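Dear colleague,

Please find the structure for your review below. My findings follow directly after it.

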Amino acid sequence: MNKVSLRKLKKLDKQYFAKWWRDKDLIALTSGNFEPISDKQVEKYFFNILNDKKAFHFMIIVNDEVIGHISLSKKRGLWYETQVIIGEKAFWSKGYGTEAIKLIINKARRLNIPKIYLEVRPDNIRAIKAYTKSGFFLKVKKYYPKNKNLPETTRMELPINHYITGNKSKFKIVKTF
Ligand SMILES: CC(C)(COP(=O)(O)OP(=O)(O)OC[C@H]1O[C@@H](n2cnc3c(N)ncnc32)[C@H](O)[C@@H]1OP(=O)(O)O)[C@@H](O)C(=O)NCCC(=O)NCCS
């Protein structure tokens with residue numbers, strides 16, 4: 001596996017979002033909303049991300065190539081939500097998603113962010129595996145009966161005050177806040 005890094009967003013990154021937000025495979029794994037998105041909407045949503053003061057947004061880079069996007073958004077109380085997408089499908093299932101999540105957890109730790117959660121489609125096995133490898137657990141179901149595209153998610157949390165790392169067989173606490 002090549003080295004993964006995160007960098008801040010640039011205006012030119014809009015091109016990647018324009019592609020990923022229209023990719024049916026990616027939509028099926030994320031929002032489930034297949035309504036076509038216009039160039040104007042892409043512009044608006046991308047600039048919302050670029051100017052987002054309540055979140056940290058990074059592009060995921062491998063060998064100088066942009067492969068995805070990861071964010072950490074302020075939510076209620078001390079909670080932050082992370083969202084990740086490897087938009088370039090050739091890079092799926094090669095460990096890059098897990099690496100990117102570990103990098104953002106490290107950034108969160110440096111920023112004294114103690115509580116991180118994410119929500120995932122219950123049938124998105126690859127994502128759940130990547131999150132579990134990154135230390136997320138404590139799964140609970142969340143129901144959104146009004147959202148026909150995503151009526152149910154699995155919420156996974158990184159344990160409060162602990163940063164946990166490990167592999168399938170063993171978890172080890174390596175740092176407390
Ligand atoms: C989800 C995502 C971030 C994971 O990143 P990734 O780099 O592909 O995942 P990783 O390689 O780090 O880990 C995936 C694991 O799932 C396994 N896996 C992949 N497909 C699988 C399947 N159908 N069934 C079981 N396991 C599967 C991989 O083998 C790997 O496990 P391993 O390391 O034990 O071999 C990335 O695939 C992605 O962005 N997908 C599209 C959008 C998406 O689903 N985003 C998440 C929304 S919540």
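Seven strands form an open sheet in the order 1-2-3-4-5-7-6, and their pairing is mixed. Here, strands (E, at least two residues) and helices (H or I, at least four) are DSSP runs, numbered from the N terminus, and two strands pair if DSSP finds at least two bridges between them. Strand 1 (4-8) and strand 6 (137-143) are the edge strands, each pairing on one side only. From one strand to the next, the twist averages 30°; axes are lines fitted to C-alpha atoms, for helices over the stretch in contact, and angles run from 0 to 180 degrees between N-to-C directions.

The model is predicted: local features need pLDDT of at least 70 and side-chain atom pairs count only at pLDDT 80 or more, while totals for chains, interfaces and linings use all residues. Residues are numbered from 1 along each chain as its sequence is written.

In general, strands of a sheet pair through backbone hydrogen bonds, either parallel or antiparallel. Strand 3 (residues 65-74) and strand 4 are antiparallel, over seven bridges. Within strand 4, Val84 is the bridge partner of Ile70.

Helix 5 packs on the sheet and touches strand 5 (115-120), strand 6 and strand 7 (152-158); contact requires C-beta atoms, placed from the backbone, within 7 Å. The direction of helix 5 makes about 165° with that of strand 5.

Helix 5 also gives the most to the shell around the ligand, with five residues. In total, 21 residues surround the ligand, each with its C-beta atom, placed from the backbone, within 6 Å of it. The closest are Leu29, Gly97, Thr98, Ala127 and Lys129.

Conventions: Contact = placed C-beta atoms within 7 Å.
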